[in-house]
Every structure is written in C-alpha cells, then in structure tokens.
Amino acid sequence: MRETLIAGIDSSTQSCKVVVRDAATGALRRFGQAPHPDGTEVDPAAWWDALQASVAAAGGLDDVAAASVAGQQHGLVALDAEGEVIRPALLWNDTRSAGAARDLVAELGPAAWAGATGSVPVASLTVTKLRWLADHEPENAARVAAVALPHDWLTWKLGGATSFDTLVTDRSDASGTGYFDTARGVYRRDLLALALRRDDVEGIVLPRVLAPGSEAGRGDPAAGLDHVVLGPGAGDNAGAALGLGMVRGDVAISIGTSGVVSAVAPEPVADPTGLVAGFADATGSFLPLAVTLNGSRVLDGAARLLGVDHASLSELALAGPSGAGGLTLVPYLEGERTPNLPEATGSLLGLTVSTMTPEHLARAAVEGLLCGLADGLEAVAAQGVPVERIQLIGGAARSAAVRRVAPGILGRAVQVPVPGEYVADGAARQAAWVLSQAPEPPTWSTAEVRTYEGEPTPQVRERYAARRHLVANRD
C-alpha cells in the first residue's frame, strides 16, 4: 500500500526547515532547510523565499497530501488594503518597543492585562509593536488593514493569498499577540485600538482563529498545490510541544536563540507579574511559558571570547568547578524578558585572580544560562502548573556540559530526546491530524531519550539570584 506523506514546516528566526513524514507512522522521508537573514526586522518575502527553497530541498510537495506551518511567534506583519506588506516585519526579539510595552502596562495595569489576555505586555508581544508603529510611524499605522503573524502570513501565501477571507491562524499563535483573550478564545479589539491609537479597528482584518485539527483550506491552484490540505499552523513553542507529544505535567526547556520554559496545563494562566505568559497550545489545552531572550547565544559569545568551538567550550566548562569558584555570569546580553529588563546588559561578577581562567568562565557561562532558565521554571511552577517531567531540547541541548550541569541547577532529573526538528515535527503531526479528521492528533512513536541526574546545587542559584538582583537594581 502506498504511504500518505505530509509536510511540517518550521519557519523560525534563523531558518526554514521542512520535514516530509509518513502520516501513519511519523517516519521521516525527506528534509530540507534554507537560512533566514539576520536581524530583528525582516522583509517577509525572505521567509517566503526560504520556504520555497527548503520545500525544494525536501523534494517538493507534489506527492504530499497535507502541510502545516509552525512559526516564530509575535512578529508583526502589517498589511495594507491590497494585502501588501507595509514595512519589514518586527520580530519577537526586536526590543525597540520596550517603551511602548511600559506605556501600555501603565495605561491599564498589569493585573488588567493578565486578566484580559493571560499575559502582561513585554517588548516581544505584537501589541507593543503596534503601539511602537503608531508612535513612530503613524503614516504606516494608518495604512494597516490587516495584521498577521509570521505563520499566518506563510499559510496565507501557501493558499494563494487571494483575499483576506482566507487569512487564518490558530489559538496558540493568537495567544501571543497581546490582543487575544486566551481563556475565552476571542480577540480584544479594544486592546487593538488602544495599541494602534485608532478608533476604526473594527474594519481591520485579524486572522480567523481555527479550532485545533481544523482544515485551513488548500494550496494555491496556480502553483499546482490544490491537492495539499493546509493545517491551521501553530506558534513555534506549541509546535514543539505537539512534536514532543507533551501532556499534562510535561515541561520542555528549549534552548535556541531564546530560552523557553513551557508546560502543558489544563487551565489558563494569568500571571500579573508578567513572568509567565498564559498562552494556548495546539491541541485545546494551555501552554504557560516563561521566555529568556538569551539562549544559545550565551554559549556562542563565551566560545567566541575564549577562541574555542562549542565542543571545547563544553570540555572547559566540565573541567571547571561547580559554582565556577564564585564567578557568576548574568547573561542579559541582549536585554532580558524574564525578568523584564529589555535594556539590560550582561555582567560578569566575582572575578578574582583564581577565577580568571577559561575553565571558570566557561562554567559560569553554562551555569548563568541554566540559572536564567531555572528562574523561568520556578515562575511557571508558582502558577500552580504541575511539573512532573522535564525535557531539554534545542541547539544548546547538544552541549554535554549543559546536559550534565542542568540537573543540579534545576534540582531534578532531565530527559534529553535525540536531537530533532520538534517544531517542524509538530507541524507535520498537525497536518496528519487535519488530514485524518480524527478527534485527536495521531500517536507516533516518541523519540529515544536519555535521562541525566545530578546532585542539586542550590548554592549556585542562590549566588546567581543575589547578583541578578544587583544587576536588576542597577538597571
């Protein structure tokens, strides 16, 4: 019997990746990848070019029955009345809207924002980028006829982008905009009006929010893709959760460009402190998460400073003592979101003659990265979210030092799945779900995992917390 193929697309900050899998078993058949340009603002056309290149590298979609796109969250794609992109998209990691975030929080109050949307605005959320647009490019803000997120726009393009009627999204990505009531599943146009400083927002098109597993339409007939059923897509964190097969009690710590602590929860979360964003997942549950702006680039920077590659950095870190002899790296290298310090810089504290060695610095970099993520895990757990199993994924999870140091910093064992493209896999699983029209996503065999254990090292976190506090007060 001929197998049915589906495609999962991961349009991330750094690249576009495509997996083609067997719909029944999840077995990988083909893979393609293409890079995205650097920067915190990008012409969406570059994403489309990368998607086409990665699809071609994966053997095309001629024999693929369904496809779905998971993408980086929060990015602002502003469209005019003709459906044209008004300006380069502002990405999640563009912190120019930090002032706008502060203004929006001051106008309503953090508790009101958390109650309305599940999240308190920070610079990454789309709502703050709309306010920045209104304040700094009012002529562009006045032209906005539709607002899309990266995965919305790419799904729309795959379907031909013929009219705004076909512009759709899913609840996971909508929940990261800052103008979507995650608990009730509806847009808050009053918050959209507040952000854009416009009183005519009823006429602005927002993507229809599709239910999990719903069909979003079909591929563009003009491109020969009308045989491809399109899924609603997902935000990248929800895509990874779906790809990992996460259930209640599972926590994923993903260390890519950013660091993300996400957990599957049965009920919505509304944290007025703003540390935890109350997002939705791609299955009908919720995905509270905490995000650090500084993920694997902390290790990139340390390796560059020491003049070594990542394998050597890991060896140096493991040769250094636990606690790095009192040396602490507070790695707010590109500002920070948890805690919300968008204009902060990194600090290296506790330097002595004895700690000025490559081994101590490498160890401090690994521990600083993990301490920031431990803060995120603690914030998620404080919201009553069950934490029963931790999975460590992302590029930095390939580091032996990160894997071996993590249990001590986090205070519990961690599981590390075989490295994979979990966001793209989640999109593929969704595509298979939509194609099957089943009530639940398909059950595919989970990735092989390795468990790492270690003695807790609370003194490292305590020292980090004290010095992080000094940095926060200073900034």
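This passage looks at one strand with its pairing partners, and then at one helix. The model is predicted, and everything below comes from that model.

Part of the picture is who pairs with whom. Strand 1, made up of residues 5–11, runs parallel to strand 5, and seven bridges join the two.

Strand 14, which covers residues 229–230, lines up with strand 5 in the parallel sense through two bridges. Here A66 has V229 of strand 14 as its bridge partner. Strand 15 (residues 234–235) is parallel to strand 5 as well, again with two bridges. In that pairing, A70 faces A234 of strand 15.

Now for the helix. Helix 6 takes up residues 150–158 and is mostly covered, with eight of its nine residues buried. Reading along the helix, the buried set begins with P150, H151, D152 and W153, and carries on through L154, T155 and W156 to finish with L158. In an α-helix there are 3.6 residues a turn, so residues three or four places apart point the same way. After helix 6 comes G160, and its phi angle is positive, near 105 degrees.

Technical notes: Residues numbered from 1 in each chain as written. Predicted model: local features only at pLDDT ≥ 70, side-chain atom pairs only at ≥ 80, totals over all residues. Heavy atoms only, no water. Buried < 20%, exposed > 50% of the residue type's maximum accessible area, 1.4 Å probe, protein only. Helix = DSSP H or I, 4+ residues; strand = E, 2+ residues; numbered from the N terminus. Pairing = 2+ DSSP bridges.
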